[in-house]
Amino acid sequence: MAFKSGFLWGGATAANQCEGAWDADGKGVSCSDICTGGKLGQSKMITPVLQESTFYPSREAIDHYHRFREDIALFAEMGFKCYRFSIAWTRIFPNGDESEPNEAGLKHYEEVIDECLKYGIEPLITLSHYEVPFGLTMKCNTWTSREMIGYFINYCRAVFTRYKGKVKYYLTFNEINAGTSIMGAFLSQGILNDLENPTPFMGQPDIPQQRFQGLHHQFIASALAVKLAHEIDPDCKVGNMMIYSASYPFTCNPDDVLKNQAYNHMKNYFCSDVQCRGYYPAYMDRYFEENGIRIEKQPGDEEILMAGTVDFLTFSYYMSSCQSADPAQKRGAGNIIGGVPNPYLPTSEWGWQIDPKGLRYALNELYDRYQIPLMVVENGLGAKDTIEEDGSIRDDYRIDYLRQHIQQMGEAVKDGVDLMGYTPWGCIDLVSASTGEYAKRYGFIYVERYDDGTGDFSRRKKKSFDWYKKVIASNGEDLD
């Protein structure tokens with residue numbers, strides 16, 4: 001058997017994409033709450049001044065806030081051993097900077113945690129998942145300011161203290177390396193330089209100095225959070241979370257190979273090098289110098305980073321791309337990593353290339369580099385699902401995608417990788433972070449909610465629901 005006993009099979013969601021109840025029980029406004037709906041080929045908009053008669057999908061999402069017991073019961077029916085979810089910072093500290101936490105928010109997540117534990121499901125909690133408090137955007141432009149470190153640690157202290165003994169696994173920042181590209185400026189760091197006018201999701205002026213300074217502040221905050229968690233609850237473990245964008249040279253031309261190496265350094269290793277090794281890699285010195293970036297550090301920062309390395313590494317994996325030094329090569333349509341399409345791979349409806357063997361490659365590369373336990377906490381196929389006349393949803397395309405990726409995880413384990421678990425993304429349908437739409441569905445569970453704002457939020461099982469149930473029951477042996 002490839003997967004070890006106690007392997008953490010499960011699924012993953014994020015508060016801003018599934019909870020809804022955006023202003024319930026004292027919750028404040030997060031950056032996701034001011035994003036309108038979008039779709040493939042049409043960007044969602046950031047609206048710092050809220051617009052009447054505009055659809056904001058995260059405000060209701062799939063109403064998981066009120067239906068979490070129903071949803072967790074369905075997860076338990078599938079046999080989940082682990083449920084990765086995030087805490088909305090603005091439920092605990094509505095503006096992000098209060099001195100005392102909101103009791104209603106703490107109580108809600110305690111109920112979610114207890115519901116998981118009732119079924120023997122381990123909670124895996126992401127502390128910050130694409131929902132920075134908008135109050136902090138207005139106050140200090142979020143992670144551009146070192147003030148954010150103190151606000152984040154105050155939030156972490158409230159969470160770690162309240163759930164001590166109940167939660168064994170935390171992640172600090174979701175896909176922290178999104179901050180190496182323009183995509184992460186607002187999505188990950190909450191940076192917004194125009195507080196008056198609507199802006200396309202990736203359309204605000206990009207200021208790399210802001211993003212990389214923001215990353216430094218997040219690195220320090222993450223390291224301090226690891227230390228704090230261990231002090232409050234020595235039995236808990238804290239990991240990081242990154243996008244792994246598998247990438248290959250388009251040809252064996254040395255120029256392509258060097259371009260691909262530079263891409264991997266920046267996109268796949270820079271952030272995890274800091275969080276796993278405890279110091280900045282030397283290859284970033286040249287990048288900073290050539291791009292006019294100066295990271296402002298305070299005395300003691302190096303010691304903080306070294307003392308706060310993570311206990312395990314987690315990552316999302318959806319696709320791969322190729323890198324070419326030839327500017328004439330056409331770029332792919334995928335809206336996360338782009339790159340040159342690989343002629344050997346199929347492509348999803350959203351332009352993401354499907355590369356199961358790339359997951360094996362990623363696992364081996366990461367484990368060889370860091371030698372700490374790994375976990376795949378996002379993986380899946382966004383697709384348009386159709387309800388048949390008999391009410392069924394025959395998502396064989398999703399089953400095939402997941403089957404191939406699980407097979408390659410098994411190969412990586414045989415290669416010697418220490419793999420903790422697997423929580424495919426959007427185990428229940430939710431709002432897409434990148435496009436702000438419902439139509440891009442990932443789940444084993446279909447939610448009656450649509451991009452025009454209609455739908456009664458009812459749940460129904462897809463064909464993949466029973467398939468994944470068999471996978472978990474067999475510990476990955478039965479993939480048919």
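**Exercise 1. Work out how helices α6 and α8 pack.**

Start with the geometry: the axes of helix α6 (residues 147-162) and helix α8 (residues 208-232) come within 10 Å and cross at roughly 25°. Axes here are lines fitted to C-alpha atoms, for helices over the stretch in contact, and angles run from 0 to 180 degrees between N-to-C directions. Helices are DSSP runs (H or I, at least four residues) and strands are E runs of at least two, numbered from the N terminus.

Next, classify the angle. Under 35 degrees counts as roughly parallel, over 145 as roughly antiparallel, 65 to 115 as roughly perpendicular and the rest as oblique. So α6 is roughly parallel to α8.

Finally, look at who meets whom, with contact meaning heavy atoms within 4.5 Å. On the α6 side we find, among others, Phe-152, Ile-153 and Phe-160, and on the α8 side residues including Ile-220, Leu-224 and Leu-228. The contact residues divide into twelve nonpolar, two polar and one charged. In this count, Ala, Val, Leu, Ile, Met, Phe, Trp, Tyr, Cys and Pro are nonpolar, Asp, Glu, Lys and Arg are charged, and the others, Gly among them, are polar.

A word on the model: it is predicted, so local features need pLDDT of at least 70, side-chain atom pairs count only at pLDDT 80 or more, and totals for chains, interfaces and linings use all residues. Residues are numbered from 1 along each chain as its sequence is written, and side-chain values use heavy atoms, leaving out hydrogens and water.

**Exercise 2. Now try α12 and α13.**

Helix α12 (residues 356-370) and helix α13 (residues 396-415) pack at about 30°, with axes 8 Å apart. These two helices are therefore roughly parallel as well. Among the α12 residues in the contact are Leu-359 and Arg-360, while α13 brings residues including Met-409 and Glu-411. Sorting the contact residues gives five nonpolar, four polar and four charged.

**Exercise 3. Explain the count of disulfides.**

The structure holds zero disulfides, each being a pair of cysteine sulfur atoms within 2.5 Å. Take Cys-18: its closest cysteine sulfur, in Cys-427, is 8.3 Å away, too far for a bond. For Cys-252, the closest one is in Cys-322, at 13 Å, again too far.

Compare their surroundings too, using relative accessible area (buried under 20%, exposed over 50%, partly exposed in between; 1.4 Å probe, protein chains only). Cys-18 is buried at 2%, whereas Cys-252 is exposed at 73%.
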